[in-house]
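Have the structure open while you go through them.

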Amino acid sequence: MALSAQTGVAVAPGAPSSILDRISWSWLGLAPFMIFAILFLIAPTAILMIGAFQDSAGHFTLVNIQNLFQPSVLDAYWISIEISAASSLLGAAIGFLLAWAVVKGALPGWIRPTVLTFSGVASNFAGVPLAFAFLATLGRVGLVTILLRTFTGFDLYSTGFNILSFWGLTLTYLYFQIPLMVLILAPALDGLRTEWREACDSLGGTAWHYWRDIALPVLWPSVFGAALLLFANAFGAVATAYALTGSSLDIVPIVLYAQIRGDVLHDQNLGYALALGMIIITGVSNAGYIWLRGRAERGRA
Amino acid sequence: MKSSRLGAWVALAIGAIYFLVPLIGTFEFSLRMRRDQYSFDAYAIVFADPRFQATLGYSVMMAILTIIVGIALVVPTAYWIELRMPKARPLVEFITLLPLVIPAIVIVFGYLHLYNSSSFLPFTANERSTDVLLVCSYVTLSLPYMYRSVDTGLRAVDVRTLTEAAESLGAGWTTILFKVIFPNVRSGILSGAFLTFAVVVGEFTMASLLDRPAFGPYLQLVGANRAYEPSALAIIAFIVTWASMGLIQIFARAPKGATAAADRTT
């Protein structure tokens with residue numbers, strides 16, 4: 001990332017002097033932004049990435065990366081990946097159905113703007129308050145838990161369900177994952193022209209043909225790309241998990257939070273390696289998202 | 001087609017249940033403070049808590065500063081790119097997307113490492129400079145949607161012609177920026193601003209790890225120690241988020257309003 005910030009500057013030296021003046025003058029207009037980005041985004045990230053490859057004395061080492069593969073750290077990554085995968089796959093699937101219903105379901109006109117506005121709100125209603133909402137609803141004395149017990153005699157917690165567990169956290173994450181999916185997918189579904197369906201129908205195609213040969217080939221980059229974005233979104237989330245489970249569920253962001261607060265790993269540089277691992281995972285899924293979005297836009301053009 | 005409409009209603013109904021039940025549950029829970037009857041006692045206690053007022057006031061202040069700094073940083077940059085440096089667009093766009101790639105907790109970890117009290121820029125040395133760092137961290141977090149909303153607004157108007165027209169009438173740079181460019185991208189700026197507000201007011205990770213008395217850490221603290229007040233706070237937080245989004249709808253107008261929120265993710 002630091003590299004790409006410099007590539008533009010590197011253009012200048014080779015150019016003739018009159019152009020050089022103009023180019024550097026033009027770049028000067030971007031200086032405030034670039035300095036800000038380097039100070040508050042690029043340098044802080046870079047220093048962690050460097051720290052991940054250093055020992056406590058500052059010498060180059062791969063020991064920190066190796067230490068990431070100890071069982072306790074690996075477990076944290078694994079459960080984080082599982083929760084992110086579950087919430088992004090379910091979020092993508094349910095969000096897709098909901099977006100489809102809203103965009104293509106021929107529902108009354110007021111529904112679409114209502115659902116999209118609500119999605120804007122709900123996708124931003126994350127963090128600590130969201131954890132409170134789910135505790136009040138599905139906690140041990142939450143509304144749904146009590147109603148189920150009172151009226152159906154069904155004790156949710158006797159099934160092993162716990163809002164502080166894997167599925168509890170996944171269910172909570174879905175509250176911002178599904179709306180995010182709806183917001184990303186609605187424009188893509190708008191791009192599916194009604195004429196295509198009609199053309200398919202008039203050629204004797206069934207719904208199956210339509211989905212297999214037209215809708216899915218057009219939509220899959222958007223759907224899959226959005227799922228990757230949802231994955232990264234869940235993977236980096238701290239506040240909801242921390243407020244909901246405290247430190248009872250050792251997912252990577254929680255471990256990192258505890259590490260920053262009190263060096264629970266007893267190894268500063270292992271903490272940097274933990275951060276590096278997070279960046280790599282969210283980076284790869286975001287890169288996938290950006291690549292697939294490019295495909296989706298080309299497909300639509 | 002009948003069956004597909006039925007399916008749409010079913011999907012919508014299930015979605016509505018999933019999204020509305022937690023809100024109802026939270027509201028009901030927040031009213032349970034008195035043993036035998038519903039009351040707004042939890043809200044009264046929350047509003048009377050001096051720490052509630054202090055932390056919310058602090059976070060609102062931080063959000064406003066974030067919006068001001070963010071606009072001052074993003075609008076001239078986006079304008080300059082549109083006018084003089086279209087070549088730099090991919091690079092700047094890439095940088096503005098990075099806060100979505102790098103989790104907030106990693107960024108703040110980097111701050112604590114880079115700007116500790118013994119470093120060359122000791123931001124965390126005292127409370128005021130930590131506040132500056134917190135605002136800068138929020139500007140960073142809001143870059144993706146701030147830049148997108150402003151850029152979309154700028155691309156919709158012909159910046160070059162507007163600038164040339166203003167220049168030929170003798171306008172200086174400040175006049176061009178404040179009297180010509182800002183008014184033309186006002187709806188973009190406002191939707192970016194309200195989205196920033198919604199995100200910053202309840203932000204937890206940055207504020208907690210920089211150890212500032214913000215609303216997010218206060219919420220967490222109440223959640224860990226009290227029974228009914230957290231639900232009341234969740235309802236209040238939901239209303240604040242809803243109000244911010246509602247204001248975007250009003251200022252940005254359809255159909256932009258629907259995409260403004262989606263833009264933050266792209």
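1. I started inside chain B, with a helix pair. The crossing of α3(B) and α9(B) is right-handed. On α3(B), the contact is made by B:Ser59, B:Val60, B:Met62, B:Ala63, B:Thr66, B:Ile67, B:Gly70, B:Ile71 and B:Val75. From α9(B) come B:Ile189, B:Ala193, B:Thr196, B:Phe197, B:Val200 and B:Val201. Sorted by class, that contact has 11 nonpolar and four polar residues, with no charged ones. Keep in mind that this is a predicted model.

2. Now the geometry of that pair. Helix α3 of chain B covers residues 50-83 and helix α9 of chain B covers residues 186-201. Their axes come within 9 Å and cross at roughly 145°.

3. Next, the two chains together. On the chain B side, 71 residues are in contact with 69 residues of chain A. Which helix gives the most to the side of chain B that touches chain A? That's helix α1 of chain B (residues 2-30), with 15 residues. By class, the side of chain B that touches chain A has 48 nonpolar, 20 polar and three charged residues.

4. Is A:Phe134 buried or exposed? A:Phe134 counts as buried because it has 25 C-beta neighbours inside 10 Å, and the cut-off for buried is 20 or more.

5. Who touches A:Phe134? Leaving out residues up to four places away in sequence, A:Phe134 touches A:Ile163, A:Thr172 and A:Leu244, plus B:Pro22 from chain B. A:Ile163 is 29 residues from A:Phe134 in sequence, with 7.6 Å between their C-alpha atoms.

Technical notes: Residues numbered from 1 in each chain as written. Chains lettered and ligands numbered in written order. Predicted model: local features only at pLDDT ≥ 70, side-chain atom pairs only at ≥ 80, totals over all residues. Contact = placed C-beta atoms within 7 Å. Helix = DSSP H or I, 4+ residues; strand = E, 2+ residues; numbered from the N terminus. Nonpolar A, V, L, I, M, F, W, Y, C, P; charged D, E, K, R; others polar. Buried ≥ 20, exposed ≤ 12 C-beta atoms within 10 Å, placed from the backbone. Axes fitted to C-alpha atoms, helices over the stretch in contact; angles between N-to-C directions. Left-handed = near helix turned anticlockwise from the far one by under 90°.
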